[in-house]
Structures are given as C-alpha cells and as structure tokens.
There are 4 protein chains.
Amino acid sequence: MRAAITLFARKGFDATPVREIADAAGVTTGALYHYFATKEDLLVEVYRQMQGGQRLRMEAIADSDLPLREKLHAIISDVVESTIADLDEAVVFFQSFHLLSPRVREMVRGERRGYHDRVKALIEEGQREGTFRSDVPATLAVSYHFGAVHRLGLWYHPDGPLSAEEVARHFADLTLSSLTP
Amino acid sequence: MRAAITLFARKGFDATPVREIADAAGVTTGALYHYFATKEDLLVEVYRQMQGGQRLRMEAIADSDLPLREKLHAIISDVVESTIADLDEAVVFFQSFHLLSPRVREMVRGERRGYHDRVKALIEEGQREGTFRSDVPATLAVSYHFGAVHRLGLWYHPDGPLSAEEVARHFADLTLSSLTP
Amino acid sequence: MRAAITLFARKGFDATPVREIADAAGVTTGALYHYFATKEDLLVEVYRQMQGGQRLRMEAIADSDLPLREKLHAIISDVVESTIADLDEAVVFFQSFHLLSPRVREMVRGERRGYHDRVKALIEEGQREGTFRSDVPATLAVSYHFGAVHRLGLWYHPDGPLSAEEVARHFADLTLSSLTP
Amino acid sequence: MRAAITLFARKGFDATPVREIADAAGVTTGALYHYFATKEDLLVEVYRQMQGGQRLRMEAIADSDLPLREKLHAIISDVVESTIADLDEAVVFFQSFHLLSPRVREMVRGERRGYHDRVKALIEEGQREGTFRSDVPATLAVSYHFGAVHRLGLWYHPDGPLSAEEVARHFADLTLSSLTP
DNA sequence: AATGAATGAGACTTCATTCAT
DNA sequence: CATGAATGAAGTCTCATTCAT
C-alpha cells in the first residue's frame with residue numbers, strides 16, 4: 001500500500017506498473033494479487049482510508065456545540081492538516097479520481113457529496129442566523145473552499161516556509177472572512 | 001485537437017488510445033502522426049493555447065489603471081469565465097499535468113509561476129497600501145484562490161443553476177472579501 | 001545516391017528511412033520517388049556501379065600479356081585500391097547483400113561468380129604451369145583472398161597509418177606468397 | 001535462441017519480426033519478452049556465446065608451448081572449424097554487428113580487439129625471431145587472415161565438396177605460407 | 001518535375017492478470 | 001501463502017509508398 005501510494009503520487013496510476021509496486025514493496029506480483037484482486041483495488045483502498053477519517057472527524061466537529069464560526073474553522077483546519085499529513089494519499093486521491101471504474105467512482109462521489117452537504121448545511125445555518133453572508137450560494141462556497149484544499153498537494157512542500165498548522169490556520173481564516181457579511 | 005481534448009477530458013490522457021482520437025477526428029493514426037510527432041504533443045498544444053490567452057488578459061488587466069481591488073476582481077472573473085468557456089481544456093490541463101515529460105512540465109510550470117507571481121505582486125501591493133489584510137502571506141492567498149479555480153472543471157456544469165458570469169462574480173467576491181482587512 | 005550510400009554505410013539499409021535520405025540529399029520524398037521507384041533501387045544502383053568498374057578492370061588485366069604472377073598482383077592491388085577509394089560503397093555492398101530481393105540478389109551473385117571464376121581460372125592456369133602451389137583448391141584460394149578484401153571496410157581508416165597503396169601492395173604480396181609452391 | 005539465430009541468419013536482424021521468432025520457437029511474444037527484455041538482447045546473446053569459446057581456445061593454444069608456426073596453425077584451424085560448426089551464429093555475428101546499440105558494439109569490439117592483439121603479438125614474436133616475414137605489418141596480416149575467416153559463412157556449405165577440417169587445414173596453410181619469409 | 005499530406009500495415013514492447021507448482 | 005512463468009490484448013509509433021495538386 002505505501003509503495004503503491006508513493007508511486008501513484010509520483011507517476012500516476014496508469015503510468016505505474018503493478019510489477020513496480022511489487023518490487024518497491026519487496027514482494028512478487030503473485031503475492032500482491034493474493035491480497036488485492038485488482039490494480040484498482042489498491043487505489044480504492046486509498047480512497048476508503050482517506051474518506052473514512054476525514055468524514056468522522058468532520059461530523060464530530062459539526063455535532064459538537066461550538067459556535068458556528070468555530071465549527072467551520074475547525075473543520076477547515078482539520079482537513080488541511082490531515083491532507084498535509086498524508087500528502088501522497090491526497091495527491092493520488094484528486095489526481096486519479098477519473099480513472100476509477102464507474103461503480104467505485106459513484107461510491108466515492110456519494111461519500112463526498114455527503115461530506116459536502118453537511119458542510120453546506122452548516123453554512124446555510126449560518127446564513128439564516130446572519131453569521132455568514134447570504135449573497136453567495138452555500139454550495140458554491142463549499143466547492144470554492146474545498147477546491148482550494150484539494151490543490152494543496154500540488155504546491156505544498158513539507159520543507160517549505162509554512163508548517164501544516166500555519167497553512168491550516170490561514171486557510172480557515174480566509175474561508176471565514178470571505179463568508180463574513 | 002478538439003477530439004483529443006474531449007477524450008482526454010472524459011477518460012484521461014493515459015486511458016485514451018491514439019487510435020480513438022484519430023477515429024473521433026475522422027483521420028487515420030498515420031495522418032495524426034503526420035502533424036503531431038507524439039501523443040504528448042497533443043497535450044502540449046492544449047497547454048500552450050490555454051496559457052497564452054489567460055496570461056495575456058491577466059497582464060492587460062494588471063497593467064491597466066483600475067484600482068487594485070477592481071483589478072483583482074477582473075482577473076478572477078476572467079480566469080473563471082475563460083475556464084468555464086473551455087472547460088474540457090481546463091480539466092485536461094489540471095488532470096494531466098503530472099503525465100507531461102519533465103522538460104515540458106518544467107516549461108509549463110515556469111509559465112504558471114510567472115502568472116502566479118504577477119498576481120502575488122498585486123496582492124502585496126495591496127497589503128502595503130492597506131487595501132488587503134497583511135496577516136496572510138500573499139503567495140498562500142494566491143495558491144488558495146487559484147486552487148479553487150482549478151477545481152472548477154470537476155463540479156461546474158453548464159446546464160446547472162449558475163451561469164459562468166455568476167460563478168465568476170461569486171468567486172471574485174469571495175476572494176476580495178477574504179482579503180479585506 | 002551519395003546521401004543514401006553514406007547513410008546505408010553508417011546505419012544499415014533497413015535502419016535508414018527514406019525520409020532521412022531525402023533530407024540529407026536536400027530533396028523531398030516525392031522527388032526521390034520520382035527517380036527511384038523503390039528504396040531497394042537505391043541499393044541496386046550501388047551494386048551496379050561497383051561491380052561494373054571492378055569487373056572491367058580485372059578483365060583488362062587478365063587479358064593483358066603480363067606474366068601470371070604480375071596479373072594476380074595487379075588484380076588484387078586494383079580491387080583493394082578501388083575498394084578503399086569508395087569505402088562506403090563497399091561497406092554497403094557487403095553488409096546489405098542479404099537484404100536484396102531474390103531477383104536482384106541472383107543477378108549480383110551471378111556477376112560475382114563471373115568475377116570469381118575468371119580469377120580462379122588464372123590460378124588454375126598457374127597451378128598447371130607450376131607457378132602456384134597445387135595442394136589448395138583454386139576456388140578456395142579465391143574465396144580466401146577476396147574474403148579478406150571484403151572485410152576491408154570494417155577496419156580500414158583513411159586517417160590510419162597505411163595508405164591505400166600500401167595496403168594494396170601488402171595484400172597482393174600476402175596473396176602471392178601464400179600461393180607460391 | 002536457436003530459432004532467432006536461424007532466422008537472423010536467413011533474413012537479417014532488422015528484417016525478422018519478433019513475432020516470427022516466437023512462432024518458430026513455439027512460444028508467445030510475451031513469453032519471449034519474459035526472458036529477453038529486448039530484441040537486441042537475443043543478438044547480444046549470440047555474440048556472448050561465440051566470443052567466449054573462441055577466445056578461450058585461442059588463449060589456451062597461445063599459452064601452450066607449441067612452436068610458433070604450429071600455434072598459429074592451430075589457432076586458424078580452430079577458428080575455422082568452430083565457425084563452420086556454428087555457421088548461422090557466425091553469419092549473424094558478422095552481418096548484424098552494425099545494428100548493435102553503441103554500448104554493446106563497443107563491448108564486442110573491445111573483446112575482438114583483445115583477440116586480435118593476442119594473435120598480432122604471436123606474429124610479431126615470429127617476426128622478431130625470423131620465423132615470419134617482417135615486411136608486412138603484423139596487424140595488417142591479422143586483419144587480412146581473419147577477414148577471410150569472417151566471410152566463411154557467405155560461401156561455405158556443409159554439403160559442398162570440402163569438409164570443415166579440409167577448409168581449416170587449407171586456410172591455415174595459406175596463412176602460414178603467406179607469412180613465410 | 002515536384003510536393004507533402006495521407007495511408008495502412010506492421011513493428012516492438014508493455015502490462016494486468018492467471019495459474020500450475 | 002507464495003512464486004514467477006506465461007498469456008494475449010493492446011498501445012505507441014514508424015515507414016515505404018501513393019497520389020492529388
């Protein structure tokens with residue numbers, strides 16, 4: 001799995017031969033196929049792992065009784081920090097989505113929509129109670145801000161000047177101020 | 001070219017056989033190779049076309065004598081509208097970047113950095129004169145907002161409830177208010 | 001033609017695209033095909049040119065009234081010098097023979113056999129009159145000595161220490177002393 | 001390998017499709033590529049096999065304490081007999097040399113030069129002690145005589161009037177008498 | 001006489017996957 | 001559990017040659 005993620009992130013799913021993954025993992029192709037029925041299964045596993053955690057933590061925050069603005073801030077922070085923590089996974093996730101088989105793709109999309117909708121609901125709640133501006137459709141706002149997060153893997157470097165926490169804070173700040181009425 | 005873009009956008013670069021492009025374009029593979037020495041060259045052409053236009057228009061706006069906030073607003077609007085106008089190109093652009101050969105990749109990256117730096121300079125100018133908040137690194141703000149733009153192709157649908165102009169206006173609004181001190 | 005010979009000698013007949021020959025000659029493929037119906041025709045032309053000259057000169061010597069030993073010496077000298085003079089042609093000649101179409105191959109082979117037989121007759125004449133040793137089949141001797149000549153192109157370099165005339169003299173000397181009773 | 005050698009000898013390396021080799025060997029192309037990474041590797045293997053044996057046997061003879069003339073006689077005999085024993089290999093060897101990739105070509109060339117130099121040293125030794133004539137450069141003599149050997153494959157036929165041993169003896173005789181002072 | 005776009009067959013090679021051992 | 005040889009389909013690209021202009 002680790003080997004697969006690293007290689008997928010570096011060269012892309014299609015461009016990575018199964019043999020190479022097996023070699024990098026120190027096993028034979030046969031052995032690999034003993035555990036994963038398909039090359040795609042390796043990819044699916046990446047999706048399962050990432051989505052599970054992020055969803056759970058997001059829901060926990062959303063269900064908490066923090067004020068709305070702090071909820072949103074915490075959610076953004078979390079998704080940024082966890083994305084950076086598993087940067088390769090994130091790169092693969094957003095880079096190889098279109099290569100998934102239709103069935104899996106639909107599954108993942110459904111799961112993401114769930115995530116999206118929950119956050120959208122939070123924003124709409126804020127719009128109703130006046131915490132957030134109302135002249136922007138909530139769904140567009142969600143797409144906007146998560147779009148930014150999804151591209152993190154393309155420019156963030158662990159050795160760069162910004163720590164994961166700093167990026168997380170800045171992202172959350174930008175999101176919140178953009179939504180301030 | 002059109003055929004290639006459509007197919008690349010739908011199935012991905014690696015997953016699209018040259019034969020299929022040729023068929024879609026109504027020519028033979030041989031004829032295709034008469035004009036494009038390599039499958040990659042088709043991809044490169046997409047990059048050249050997109051970058052050229054966007055860069056030119058951005059510079060024109062940046063060089064104009066609009067107030068800073070209006071400049072930024074116009075730039076975001078333009079990039080959103082042109083991205084939506086050529087949505088397939090955009091999808092291919094951001095989806096297949098990692099499949100480019102190192103040489104081309106570096107070229108494209110350089111061009112994008114130029115774009116990025118120019119916008120960054122605008123924001124820094126605004127930060128110095130107090131138009132924009134200073135507690136966020138300009139470069140991070142640029143990555144943040146263009147990250148959002150880059151993911152447009154993944155969720156925007158021309159038949160959806162929002163017109164290109166509306167998305168453009170909303171995106172620009174979000175960017176500006178997020179940067180308001 | 002010159003371009004073709006040079007390229008065939010350097011890269012081999014099969015490995016040289018017609019396009020490259022045309023480029024090197026400063027014409028288009030179309031123009032080339034206007035003069036040579038087939039790629040093979042270019043090759044055939046090389047054979048025609050080389051064989052014609054060598055055969056004529058050999059016959060002239062053989063028909064002269066020099067003593068036998070001097071005839072053989074002159075023939076070997078001539079073939080060595082002319083081979084070196086057109087080294088590229090010679091390389092192509094011996095390197096690409098097996099790629100000729102059966103018909104052409106048979107033609108060339110027939111011509112060569114004529115050459116071979118004439119020289120063989122000279123040697124046999126010498127064997128009968130006691131000038132040359134008789135314990136070696138004349139035909140084998142011919143193959144032996146011309147075999148050596150045919151490989152000239154593989155090691156001789158014009159910038160090397162030996163001039164064409166020196167090589168010619170040495171080769172002829174070796175041949176003659178090997179045949180001395 | 002056997003299938004490859006036969007086909008390369010008959011039609012040439014470039015003119016023999018991998019598919020045909022596989023068919024002749026009764027395997028699939030895939031299976032072939034499981035053992036040989038490249039078509040060229042098949043060719044390289046021919047070179048390795050031929051050179052190894054000939055070099056070893058030549059050195060054994062050169063290191064023996066036979067008189068000089070007998071050493072040379074034995075070396076020529078051996079190279080002729082082994083060439084005839086594996087005639088197809090020899091044909092391929094001398095016919096396809098120029099198609100090897102530069103790296104391999106240099107390797108083979110180096111090995112051959114070693115062979116050449118060793119024989120040259122023997123002749124020079126004979127020239128110093130008066131066994132061989134001194135008016136011919138040793139290196140040229142070596143090229144001359146091995147040139148003859150290299151062309152064996154082009155005319156020798158197992159069903160012809162001469163046995164391998166006869167050819168070997170004659171070749172060795174010719175070489176020796178040509179070098180007699 | 002010349003162009004150069006176009007063809008179509010075929011070349012080498014790769015690779016996900018299977019399966020006997 | 002694991003191996004690794006083998007498959008077979010497909011993929012990218014090349015190239016001699018033709019032909020309308």
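Helices (H or I, at least four residues) and strands (E, at least two) are DSSP runs, numbered from the N terminus. By that count, chain A has ten helices and zero strands. Along its principal axes, the C-alpha trace of chain A spans about 60 × 40 × 25 Å.

Before going further, a word on the model. It is a predicted one, where local features need pLDDT of at least 70, side-chain atom pairs count only at pLDDT 80 or more, and totals for chains, interfaces and linings use all residues. Residues are numbered from 1 along each chain as its sequence is written, chains are lettered from A and ligands numbered from 1 in the order in which they are written, and side-chain values use heavy atoms, leaving out hydrogens and water.

Now for who touches whom. Contact here means heavy atoms within 4.5 Å. No contact joins chain A and chain C, and their closest C-alpha atoms lie 30 Å apart. Chain B and chain D do not touch either, with 21 Å between their nearest C-alpha atoms.

Let's look inside chain D. Helix α4 (residues 39-63) and helix α6 (residues 87-95) of chain D pack at an angle of about 115°, with axes 10 Å apart. Axes are lines fitted to C-alpha atoms, for helices over the stretch in contact, and angles run from 0 to 180 degrees between N-to-C directions. α4(D) and α6(D) are therefore roughly perpendicular to each other (65 to 115 degrees; under 35 is roughly parallel, over 145 roughly antiparallel and the rest oblique). On the α4(D) side, D:L43, D:V46, D:Y47, D:M50 and D:Q51 meet D:E89, D:A90, D:V92 and D:F93 of α6(D). Those contact residues divide into seven nonpolar, one polar and one charged (Ala, Val, Leu, Ile, Met, Phe, Trp, Tyr, Cys and Pro are nonpolar, Asp, Glu, Lys and Arg charged, and the others, Gly among them, polar).

The α5(C) side of the contact is C:L68, C:K71, C:L72, C:I75 and C:V79, and α7(C) brings C:Y115, C:V119, C:L122, C:I123, C:E125 and C:G126. By class, the contact of α5(C) with α7(C) has eight nonpolar, one polar and two charged residues.
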